[in-house]
Protein chains: 2
Amino acid sequence: MSMDAATSYFAARRGKIAPALEALAARRASELSAAPGGAAESLSRVAEFCLGGKMIRGSLAFLGAEAGGADSGGGAQAEDLAALAAAMELFQAGLLAHDDIMDRDETRRGAPTVHARYAEEASGAGAPDALHVGEALGICLGDLCYFEAFAALAGALEGHPLGGRILALCSGVLSEVALAQMADVRWGAMKADVPEAEILALYRCKTARYSFSLPLAAGALYAGAEALVAPVTELGERLGILFQIRDDELGLFGETSATGKGLASDLREGKKTLFRARLLAAAPTEELPRLRELFAGGADAGPDDLRHLRRLAGELGVDDSIAAMTARAEEEARAILRALPRVPRATAEVLEGLVDYVTRRDR
Amino acid sequence: MSMDAATSYFAARRGKIAPALEALAARRASELSAAPGGAAESLSRVAEFCLGGKMIRGSLAFLGAEAGGADSGGGAQAEDLAALAAAMELFQAGLLAHDDIMDRDETRRGAPTVHARYAEEASGAGAPDALHVGEALGICLGDLCYFEAFAALAGALEGHPLGGRILALCSGVLSEVALAQMADVRWGAMKADVPEAEILALYRCKTARYSFSLPLAAGALYAGAEALVAPVTELGERLGILFQIRDDELGLFGETSATGKGLASDLREGKKTLFRARLLAAAPTEELPRLRELFAGGADAGPDDLRHLRRLAGELGVDDSIAAMTARAEEEARAILRALPRVPRATAEVLEGLVDYVTRRDR
């Protein structure tokens, strides 16, 4: 199955990124040892947090570089590439540490979130106001992740002719993410509906351009393949939209055991999804009160509610309209892949598998 | 008076950095206009926040570059230098936005802090849990400041032969700041005393190396003066220690109207200062309960308490020991200045004035 090409690629690259992150944390702990409070503990916590993820973003930096002809097999180039991939994971770790504070999430990947763990420790040490202490330390750890990501970039890009461009790309896309996150926080805080165009802009900035276009394009630039930047950026936008729509689907109707989240977790969080916007726009007046209550979060949605949502989405053509959008994005992604110049065969297969993965994954 | 050479230098360079920050915000608002929620409002808030400060760090980047022979009078080099200085101010804005959340500060420079203003707005818009919304948006705005700082760096350093080294310097020192801030948060949360060595490590990382050594060294590297990096880093460490000790003094005994903070604000916050550590170490047993109560924060210290602290510090030799430390740091700073290779005369005068400024400023 083609999706396997992507998942086994992620697993293989994870095997390069994880040791790079651990080595980086150890080296930086010694470089930063003059800081008060001890750098080693914080840096190993950063590495551990990164290691808990699938490392898709880091893998995509490898993939972009390989598409551009880089040799990731060994040597100094492969080492710098692993540092570039590690930077992608460190950015993500910082964003997650901060997001979990904003969303008040206590668990991630089955373990306590960064600030929840700090809060537990502060509480154990008898600190009054332990939650606030945990959040403060979580903000700091997120900041540390960002700075360490830029430090890793500085190392990976030292003397690289396109280093300045890669730095501008990373910081520019991260600014988009910060702005998108502000929009997301505001939408979560207010009851009003969000126009579909804004939701799609959020998907584009927070998922597509950040999680897909950025690592692919950074990898391509790292390999010196400037001609690849535009097509992999376009490709990443399609992949990201597909990924996000599948994410919304899993967040609403996914199996709890597979996603690691609770049943209908997106409903509980009142998340402003494309599905929600289209269903509310299409629903007849008499359905609106029940829908609004469900989508407002807080309500305990049971299996009956979810079956009702599913049925309505089918009857009202919401499923069809989203499926049509998905099919178009998938077709565009495959067209971009066919037009990519001179990509190694093995890399092309992983890219094809990636399209399947974002469209059909079940976790 | 020599201190004036520094303060009028800050004012003059502020006149270059402020318009650079405003132009940057306008340009970035247009580059980031695809982000949801509107980039312009957030970026102008970032610029406004930066503009509220004295811009000492940005000015020091200019000073380091001028010491290295850069011409800051006009042209492309002066423009990139202003962007480098703007990056220093953006880093500081991000750190302050996050610090104010951690410290629960509601005002800074006589205006509401970033998160307090967001919280006010959320409350006005009827959001439940407005404080949390304000903090979440404050975290995002701080993140945005960091990413915009690195974006400004990428622009300023494009094609610069030492660009990678300047990036590594900035990110490395910022990681030290994040670690120091974690130590500070932990010390604030716990009742235990902090060893003097740890307090001095905090002063070195959070004030000296970050606020003084970093901008001076980044400016020197920008000017290509690699030989200046070591001495201005050493100089910055002395300046920072002098600045911080004076800051502690102003935080305890400064005039409210001059510092813009409340009377004895450091006492109220239970800040772990060098003065506190030495006074507690030197105090006779019978004084300890009253001192501990005062230093624990929360207690409403009046003018009598402050007079008592002042008198004790004199009698117990704490003032003398700190004055000796200050005198040594000042002497070392002046010795470093005398040994600096080939610095323009006007720049040397500002550097001399800077030593006076950090030692004797009254706000």
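Which residue forms a salt bridge with A:Arg310? The partner is A:Asp319, with the closest N and O atoms 3.7 Å apart; a salt bridge here is a side-chain nitrogen of Lys or Arg within 4 Å of a carboxyl oxygen of Asp or Glu. This is a predicted model, where local features need pLDDT of at least 70, side-chain atom pairs count only at pLDDT 80 or more, and totals for chains, interfaces and linings use all residues. Residues are numbered from 1 along each chain as its sequence is written, chains are lettered from A and ligands numbered from 1 in the order in which they are written, and side-chain values use heavy atoms, with hydrogens and water left out.

**How the two chains meet**
- Chain B puts 60 residues into the contact and chain A puts in 59, contact meaning heavy atoms within 4.5 Å.
- Together they bury about 5,000 Å², 71% of it on carbon and sulfur atoms; buried area is the accessible area (1.4 Å probe) that two parts lose on being put together, summed over both.
- On the chain B side, B:Pro36, B:Phe147 and B:Leu179 lose the most area to chain A, together 15% of what that side buries.
- The rule finds 2 salt bridges across this interface.
- A:Asp129 forms a salt bridge with B:Arg104, and their closest N and O atoms are 2.5 Å apart.
- Leaving aside neighbours within four places in sequence, A:Ala34 is in contact with B:Ala201, B:Arg204 and B:Cys205.

**How the copies are related**

**Salt bridges within a chain**
- Over all chains, the count comes to 64 salt bridges.
- A:Arg310 is partly exposed at 34% relative accessible area, and A:Asp319 is partly exposed at 25% (buried is under 20%, exposed over 50%, partly exposed in between; 1.4 Å probe, protein chains only).
- B:Arg13 forms a salt bridge with B:Glu66, the closest N and O atoms being 3.0 Å apart, and both residues are buried.
- B:Arg117 pairs with B:Glu48 in a salt bridge, with 3.5 Å between the closest N and O atoms.
- B:Arg117 is partly exposed at 27% relative accessible area, and B:Glu48 is partly exposed at 48%.
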